[in-house]
Each structure stands twice: as structure tokens, then as C-alpha cells.
Amino acid sequence: MPAAMGAAGRASVGRASVGGPDGGEPGADGDPIKPGKQSSVSKAKRRRRRNIIIASIAAFIMIFGIGIVAGTYYFDTVALPDDLSLNQSTTIYYSDGVTPMARIGENRTVLPLDKIPKDVQHAVVAAEDNSFYTNDGVDYKGVVRAAWNNISGGDRQGASTISQQYARRWADLEGVTYARKLREAVIALKLNQQYSKDEIMAMYLNVVYFGRGAYGIEAAAQAYFGKSADKLEMNEGMVLAGLIKNPEGSGKGSPFDPNIDKKQAQDRFDYIKGQMLKLKFCSDADAPTKMKYPEKVVTPAEWRANSSQSQNLSKPEGLIVHHVLGEVAALTDPKTGSLLYEDIDAKGDKNFDKIRNGGLKIVTTIDKDMQPIAVREASRNKDSNMNNQPPNLQAALVAVEPGTGGVKAYYGGDNGNGNDYAAYYNDPVLGNGKDSCCGGHPPGSTFKVYTLATALMAGYKTDSMWNGVPRDFPPDRTAKLGNQVKNATEGPVPNCDSGSGQWCTLKEITVQSLNVPFYAMTREILGAPKVIDTARAAGITDMWATVQGQALPQRIDLRTKTGADVSPKYFSNEVAFGQYPITVLEHAGGLATFAAKGVAVKTHFLKEVWKDNKKTYQEVIKPQKIPGFTDQMADDLAYILQDVPKHYGLTNNQGVSPGGYNLAGKTGTWQLGNTTSKGNAHAWMGGFVPYDPSKKSNGLAAAVWVGNKGDEQAIKFTNGQPIIGGKLPGPIWRDFMDAALKKINTPKLKFPPARGTGSKDVGDGISPQPSLPVDPGFPNPGQSQTGPGIPNPSTSQSRRPR
């Protein structure tokens, strides 16, 4: 019997799809089944259905069991991120620590939940996750609804809760695959097991993107309403909540921004309004006032304008940011000596994300009131007499505080991401980490301040005598360099006057900028290495040498090399009058050293660094006196330099500027291609005001350069005269000093009188007879005497200043 049942069962199943001659079900032999056999066929069908159901249930149980095991394993292996801290933008401030200069990194400021209004939190819940306060991280109804829509061809939905959206951000999950959704859900569940709803809400609101480059609610509040998040009203929070769904749109902005699409924005707002009322987040009575669409949402244009004040690095201040970040990147741990802000990414490459996205507060030395004055004056590189000026005319201006070395104002060009004409920079944070060659310019006679200081240290008095007659110098040790350094062989040295006498005072050759005596002073007496050592001690750490066989000038690092190391190898006696390029930044620092009576402090931009409201760095000021340079020598140097601005009409006969400040400085000019006949391509002015910390005045030093920002060409005034230091850089420097000193309420002090240091009366000149009378036409008694047969420098042929 069992065998027959089995055979019948097999026959009936095997022939189910084959029809007999009369349309009935066939028998085993192909004939129609007899009526007596009908009951057994029906039973077979029922057994077959039952077996299929039992087999399906068994398979389901097996699959479900395996799924439970696999799901449990998957749930256990998916871990929460170890570090839930967020990237935050780093903000660079002016020296007051309050006024922002720039912002870098991901535009986010993390806020605690108590700084985010409850109405704003509720608006986000209404917009993104109605069941947030009751679900365990996953909205199962939403999952089923989304799955049905996706399967049935409806709108593709993600059904992501706030917890899942946050999980997606931290797990860096992309795409819309079911595997991604599963992993996202597991992390969301774990988040809800480990953190409270308030903690998850705080994390979410600080990480979510709102468009306009704004990550987190604080950045969004600033971008769309120009206020801090804690000042947001309910209706403003509703607008921001509506942006989360589509923060960028097609790239022009969120369609839920009323400035982009007013109708869609209003519709989205109304939807959130309905949800908030449904969830009892606002009463019907309060809705008309609290849920009225805001009258003002910052436009994209207004946002870009505001953003340019605090974030855009393309302004002149962008160059300051490059310098500041370079200094931060160089900070080391005092215990280990390792870089504080260098990091290693997943590929093993070094990066500085700890600066860029570390939420640092970086305070610079830049004065918020001086900086716009520097930009204004340096941008004014036009003159009424220069209508035909070259199209690539460029200026640079740097101001440094004597005694501290802090850069107070800086202008290296209009484009903060372009060339820096005040200094090269090595930018490990924003750039490619390579040195820029831009910034070094031949300083011309402004470099004579270092030669002058060296002469004072060598014992020469301010009225010592020097030969001002142009003459040839026979080749000597520098000629032995051969082709190693271009222009090394000495020959005729052009002077600005062919009729000067055989004697001029040290003061006169400085004020009238005579090249020959300064060259002779260095060649015959001081030696180029000594002049370079003085410049090094004052703050010049880099000079450029034109080396044979190299297309570009070679930067020579003087920090670890003495004058004897680099001269005559790279620099010959022309260093005395400024042939070799230096930067405006370092020259301003060198002038600040002389303003501070020979006390040098490393020029820097970084004042403080803060992390998590704790100061982690304070500027370190290490003053170093120039060896052998006394306070009295500093007073004699300032005494000489006071007559330079006066010589060019930048100050009155008492050496006082129109703003009422006593100024001391030095002009400088350099030719196009080192050839006088081609005209001038560089012009400088630099100097300082009195320094007296006892009277609450560190004073100020500044250097200005005007030249070319492209291929060098001669710069001429409309009347055909070449540019010189006193005629374009001079007024820029003077006007900046006046405006900046007034802005910071600097006391109007006088320079000390000459101290008469030194014992040497004669350099390489011819001393006049001591009994000869003083020339009444010269304003400085004792400095220029005349007599029979002795030419008077003050009345000799005009000398072209350098």
C-alpha cells in the first residue's frame, strides 16, 4: 500500500501538465482516469500543497536562523567611531583676539546643546525625523514604507532618521545600497544605546550641512541670518531646518532658500509648520507670530560679502594667513621636540589637518586699525605725475613694532593667494610646501643703514671725512672669483655726482646717498663680511645672489652662515649700497632693530594659539643686542637718518611730518638690470619714529618698496624722470606712518640729540683745517666746514640720490 501510494503520487505529479484525449487527467497508462479514482487524486493535490508549505516554513526557519546568527555577528562587529569629535574651522584673528581676519578648514563652530534654542531643535525634528524622541535610532514604519515605494516603483526613499543621518556622516557611508542602509541602521541603533537623545541632537546639529559652505547650526545661522545660533527665532530655525533636505540644489543654492526659489521655500516652510503643530511643538495660538516666514534671509551676495571679511583668503590679508600658518605649523612640543600640528593620514602622508580643521583660535600680531591703512597706502602706487606708469607697477609695505618684532601691518599684493612681493613664504598648510622666489628685491641705498651702523661700530664719528670723488678701484680679491658670481670683478663704481669734493662727512654721504664712499668704506676699511654680519644681527636672514649658470637668483640662508662664509663667495663689496636682493619683511625688521637702539627680535606674525578655550602658545620674545652696537651709536644713527626725509621734503626743517611725528629713514633705488642707463626698476623708503618704552611708546618701523610685479621695466614719471625712493615710496611711507601712528595714539616724541660716539675723524677723505669757520648756510653746525680750496658739499653740483 505505501508503495502503490507512492507510485500514484509520482504519476499524478509527473503528469500534471499533460492532457488526456477527452480533456481529463490521464492515468498511468495514458487513458483517462476513471471516476472511481477521483478522490485519490484530490488527496494527492492536498498532500502536495501541504508539503510545499511545510518545506517553505522549514526553509524560512533555517534562513531566519542563519540570519539571526549572521545579523548578531554583524551587529557585534560594527563599532562606533572611536573619536566623535568634529572638524571645526580654525579662525585667525587680529591682535585684539576679537576681530576675525580669516577662517580656514571646514566652516563649523561646535556648540553645546544649551546654546541651541529648543525651537530650532524642534524644527529640525519636524523636518527630518518626526519620531526622533521615541524611536531607537531606526524608524521601522518608515523603513517598510520606503521599501514598498522602492519595490513598487514609487519615489525612492531612504527613511533615514536623525540618528542614521549622523551615523552616515561618521561612518563615511555613501550611495543608496541596502548594505549601506544596513550598516547605517546598526550604527544608529548603537548610538541610541550609548547616547541620550539630547547628545545625539547636539552631535547632529553640529555636523549637518546647510549649504553655503556652512557645517553645523552656528555656521548656518551666520550664513543665512548673520547672527549666532543662540539668537535664532523659531521661524528662522524652521528655514534652516528646511535646507537640510537639499542644501545645494543644482549648485546655485538650496531650492528652499527664498532667495533662490521663493515658492519652494514657502512650501517647505509650511510643511515644517504643519509637522510642528502636529507634534505640539507650538500652539495654534502662537503659530501666527512665531511661525511667520522671516522677513529677511541673507542673500547669497550678502553672504559672499560677509564671508570675504572672515573667510576669503584672496584678499591682501590672505598673505598674512600664509605666514601665520607657517609659524603655527613649525611649533613643536617642548618635551618631545615633535611638531604639534603635523599629522599622518591613512596613506601615511604628512598633513596639517590639526591646524586646518582643529578649531584653533590663532591670534596674530597684526593691528586691526593699521592693516587697512597699509592696504590703502600701498595700493596707492599711482601718482599724479605717473599717468604713463607701467601696467605692472607694484608696491609692498611692512610695519614692525620695535622691541617685540611683531608685524603690525603687511601688504604684499592684492591677491592673497598669489605672489607675495613683501616676502617669500613656505606654506605647509595651504600651499605646496615649496619656497616662492617672489619678494626679494635689490634694496639699493636703504641697505646703507647696515653699512652706516658698521662704520659707527668701527669708531667713525658722524662727522668723519670721506672721499666723495668718483674713481676706479683696481681689481683685487673679488676679481679672483672668476665666473662664480656675476658682476664680481670690480671696476668703475658710478656715483650720483661727478663734482663732489674729496671730503664729505659720514652724515652727508648718507643723506645724499653717495655710493663711492660707501663702496670704498667697505672695500678698504670695513670689509663686506662685517657689513653682512651687522645685517644678520639686525634681522636679515636671507639674501639672493646671482650665481653663474643658474637661471634664477639663489637664496642664501644667513641664519647659520657668517659674513665670512658668504663673502666673497656670493657677495662682494657692492653689498655696501644694496645690490643684493632682500625682502621687505626682513628689511622692516632690521629697521625696527635700529629703532629699538640695536635690540633685535625675530620678526613674527604669531601672537597666541588657543585650543578648547585654553591658551596653548604665547609669543616668545628673545631680544638680542647687535654685538658692539651701543645705545649712543643708535642715537647717532637716528640723528643722521633724520635728515633723509627732510632732504626729500617729507618732513619740515625740524624733521617733523605733517602728522606731527619725528621721522628718520633712508631712501633707496636700484637700476633695471643693474645698468644705470636703462633707468630704475626698484625704489624704497624705510625708517622709524622714536622708541621709548618708558613713555609707553615702542614706536613703529616700516619699509616700502615699489617696483614691477611682472617682467621688470624702467619706471618713470610723466616728465621722464626715473622713479626714486623719495618720490613715490617716500610719500607712501610718510603717509602710512602718520595715519597709523595717529590711529594707535602713539606719543609724539623727539629723537635724542647726537651723542658724538667714536674717535675716528677721517675715513678715506681729506680732513679740512680745524680752524676754518662754519658754513652759515648749512643747518648742522660742525658737520660741514668750508675753506679756501675745499669744495662745499652743500653747494656742489647736484647729486642724484640713490
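Modeller: Helices H3 and H10 are roughly perpendicular to each other (a class that covers angles of 65 to 115 degrees), because their packing angle is about 105°. H3 spans residues 118-128 and H10 spans residues 262-278, and their axes, which are lines fitted to C-alpha atoms over the stretch in contact, lie 8 Å apart. Both helices are DSSP runs of H or I with at least four residues, numbered from the N terminus. This is a predicted model, in which local features need pLDDT of at least 70 and side-chain atom pairs count only at pLDDT 80 or more, whereas totals for chains, interfaces and linings use all residues. Residues are numbered from 1 along each chain as its sequence is written, and side-chain values use heavy atoms, with hydrogens and water left out.

From H3, the residues in contact (heavy atoms within 4.5 Å) are Asp119, His122, Ala123, Ala126, Ala127 and Glu128, and they meet Arg268, Tyr271, Ile272, Gln275 and Met276 of H10. By class, this contact comprises six nonpolar, two polar and three charged residues, where Ala, Val, Leu, Ile, Met, Phe, Trp, Tyr, Cys and Pro count as nonpolar, Asp, Glu, Lys and Arg as charged, and the others, Gly among them, as polar.

As for the setting, the protein chain contains 24 helices and 21 strands, a strand being an E run of at least two residues. Of its 802 residues, 51% are buried, meaning under 20% relative accessible area with a 1.4 Å probe, protein chains only. Among contacts between residues at least 6 apart in sequence, 70% join residues at least 24 apart.

Methods: Buried < 20%, exposed > 50% of the residue type's maximum accessible area, 1.4 Å probe, protein only. Axes fitted to C-alpha atoms, helices over the stretch in contact; angles between N-to-C directions. Parallel < 35°, antiparallel > 145°, perpendicular 65-115°, else oblique.
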